Amino acid sequence: MSKKRVLVVGGVAGGATCAARIRRLYEDCEIVLFEMGSYVSFANCGLPYFIGDVIVEEDKLLVATPALFENRFNIRVCTDTQVMSIDKENRFIRVCDLKTGEQRNEPYHALVLSTGSQSVWPDISGLDLPGVHVLRTIPDSRQIKAQLHKIKRALVMGAGYLGLELAENLKKAGVAVTVLQSSDQVMPSLDKEMAKYIADHLENHGLTLKLASKAVSIKNIGNGCLQVELDTEELIEVDAVMVSVGVKPRAELALEAGLEIGEHGGVRVNEYLQTSDSHIWAVGDVVEVKNVITNEWQLFPLAGPANKQGRLAATDIVRKIFSTIPSVPYRGIQGTTVCGLFGMTVATTGVNEKTLKNCPGIEYEKVYLHPSNHVGYYPGAKPIRIKLLYDARDGKILGAQAIGEAGVARRIDVISTFIQMSGTVYDLEEAELCYAPQFGATKDPVNLAGMIAANHLRGNHPLAKWEQLIDTHTQVAEREDEVDQMLAFIMDDPYSEAQIVDVRTVAEFQRKHIPKAINIPLDSLRDRLGELSVEREIWVVCGVGQRAYNATRILQQHGFRVRNLSGGMQTYAAFEGLN
Ligand code: FAD
């Protein structure tokens, strides 16, 4: 070999980024990209929108072409070429030209694996039938689109972000869509009560949700119709089934080469994305990454991390092989996601409460809030439902989930940035963010989340937890005489003796209230303190938590033991809907 050779396996998010960055850093080496598909650097994230005709021209999905790589970056691209094996001792890979069947060896100084992930197929019969689809590549999307005129009813298996994006686009294309999910919530990356808002929104937009249900078989019943049998014995007839139940790392090459593989089946890499072999790097969906909050290994198959890892691996390769520039370590994964569904944005960062419950070393607290995306007096204000999780000891931010029609991604991006800087709720309350009436508020939703949490930690705003209040069988009583039957308190709960004081107006209270709550509107609270027992703890509730916060301050200063039910009736509605 005259020039040193860098070979990259996989030509999409991580691989293409890595190859281009290596060239930007170092001119004097040979770079070859191998891709077993026919396209490189295509926008797989755009595929659901191509199905729904939001992206009309297929060409728009091609972010870069082999010719561009060749001309601009002097990178040789071999499409339709599969890498079959790695000989790490002798440092060459065996590749197969899928068009001709010819095989050859390609030697390397550095090898990058960005082989991505592959769909998980549920263990059921009938997945090989015509009409059963998966969406991962441009040819997949082409195939679905070509069938669309025949698809009147579709079943989407899997209510993760990809399944739901596909469901939305099918619905917009006029298909009646049923979404099937084995767990009892949509979007498993969210906590259940937050996912409830999305489930309601999807149903309001005409999707049929079948939660806590699994398909057990798919049968062809003629006339292009498929019959899906569920574990509930229900039979659903559709014209197409879209399988989107998850992905797993495409790590066979690495496994067969004897590279270290982690407990989740992904390639293990160090902070420089280097595998257990010092001449091989791996990036993207194929690797396991360390979660910055839990410090646990996990899979996080998303495009942003794949791109960043590709970039960092390139830097490390150039440092190690060509000794030019210093490396930058990968900081680990934080879990920032966003998804748009029928005009609603769902975004997350950090870890959710489900995860924290299984982290014995972390003591966490949480707040709920429902601020508007901008001041209420400026037309078009929309609520953002926010859940913020933070360390109960020092206020370090652990995670956030937000849902709303406007301004959601921006708030999660701010919180995400603070998480990356090891920020606390005290930082959130002080964050100086943009404000003019059409963009936010003088106390931005991010500030408010920080203020509520910081007040809580300082002890001047004690919070009660909804889970302590709501028994799984509780429903809101519409009439007072039903209240006793619908006893709201869990019998063993130390707070079951609490008095629930609803500080909304009489009209609001009459519309709906928590069983056993008494109504003392905030503005008359100071005059009616005598109606409250000093013996029992008081839990205050209002619409979203703000009036209840004011009530909490009044009551605390008058010597009552008091807590605010965080997020008020808006959060109650989400918890209540779970039962
Ligand atoms: P990929 O981009 O999947 O590239 C891997 C490539 O390696 C493939 O093209 C494959 O053909 C090739 N390959 C594998 N093995 C071999 C071999 N032996 N020889 C040669 N070539 C090989 N992420 C987001 O963050 N946001 C989104 O909105 C989003 N939407 C998505 C929508 C869809 C429909 C899909 C499928 C994914 C979406 N993702 C999204 C996920 C994102 O696309 C992936 O996380 C990202 O592409 C991973 O990059 P990667 O380089 O690891 O793998």
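Author: This is a predicted model. Let us start with Arg268, which sits in the loop between α7 (252-256) and β18 (280-282).
Reader: Is Arg268 buried or exposed?
Author: Arg268 has a relative accessible area of 15%. It is classed as buried because the cut-off for that term is under 20%.
Reader: Which side chain does the side chain of Arg268 make a polar contact with?
Author: Its partner is the side chain of Glu263, at 3.1 Å.
Reader: Now the ligand, please. Which residues come nearest to it?
Author: There are 31 residues around the ligand, and those that come nearest are Gly14, Glu35, Ser114, Asp285 and Ala303.
Reader: And which helices and strands each supply at least two residues of that shell?
Author: The helices α1 (13-25), α5 (161-172) and α8 (303-322) each do so, as does the strand β4 (81-87).
Reader: Which atoms of the protein lie 3.1 Å or 2.9 Å from a nitrogen atom of the ligand?
Author: A backbone N or O atom of Met36 is 3.1 Å from a ligand nitrogen. For Val83, a backbone N or O atom is 2.9 Å from a nitrogen atom of the ligand.
Reader: How much of the ligand does the protein bury?
Author: The protein buries 91% of the 990 Å² that the ligand exposes when taken alone.
Reader: Let me change topic. How many disulfides does the structure hold?
Author: It holds zero disulfides. Cys96, for instance, is in none, and the nearest cysteine sulfur, that of Cys78, is 12 Å away.
Reader: Where does Cys339 stand?
Author: Cys339 is in no disulfide either, and its nearest cysteine sulfur belongs to Cys45, 11 Å away.
Reader: Are these two cysteines buried or exposed?
Author: Cys96 is buried, with a relative accessible area of 9%. Cys339 is also buried, at 4%.
Reader: Finally, the surface. Which residues make the nonpolar patch?
Author: Tyr377, Tyr378 and Tyr435 make a nonpolar surface patch of about 340 Å².
Reader: Where is Tyr377 placed?
Author: Tyr377 lies in the loop between β23 (364-369) and β24 (384-391). Its relative accessible area is 60%, and it is therefore exposed.

Definitions and conventions:
Residues are numbered from 1 along each chain as its sequence is written. This is a predicted model: local features need pLDDT of at least 70, side-chain atom pairs count only at pLDDT 80 or more; totals for chains, interfaces and linings use all residues. Side-chain values use heavy atoms; hydrogens and water are left out. Patches are made of residues with over 30% relative accessible area and no salt bridge: like charges are joined within 9 Å, nonpolar side chains (Val, Leu, Ile, Met, Phe, Trp, Tyr) within 5 Å. Accessible areas come from the Shrake-Rupley method with a 1.4 Å probe; for residues, only the protein chains shown count as cover. A salt bridge is a side-chain nitrogen of Lys or Arg within 4 Å of a carboxyl oxygen of Asp or Glu. Helices (H or I, at least four residues) and strands (E, at least two) are DSSP runs, numbered from the N terminus. Buried means under 20% relative accessible area, exposed over 50%, partly exposed in between (1.4 Å probe, protein chains only). A disulfide is a pair of cysteine sulfur atoms within 2.5 Å. A residue is near a molecule or strand if one of its heavy atoms lies within 4 Å of it. A polar contact is a pair of N or O atoms within 3.5 Å; within protein, one must be able to donate a hydrogen and the other to accept it, and residues adjacent in sequence count only if both atoms are side-chain atoms.
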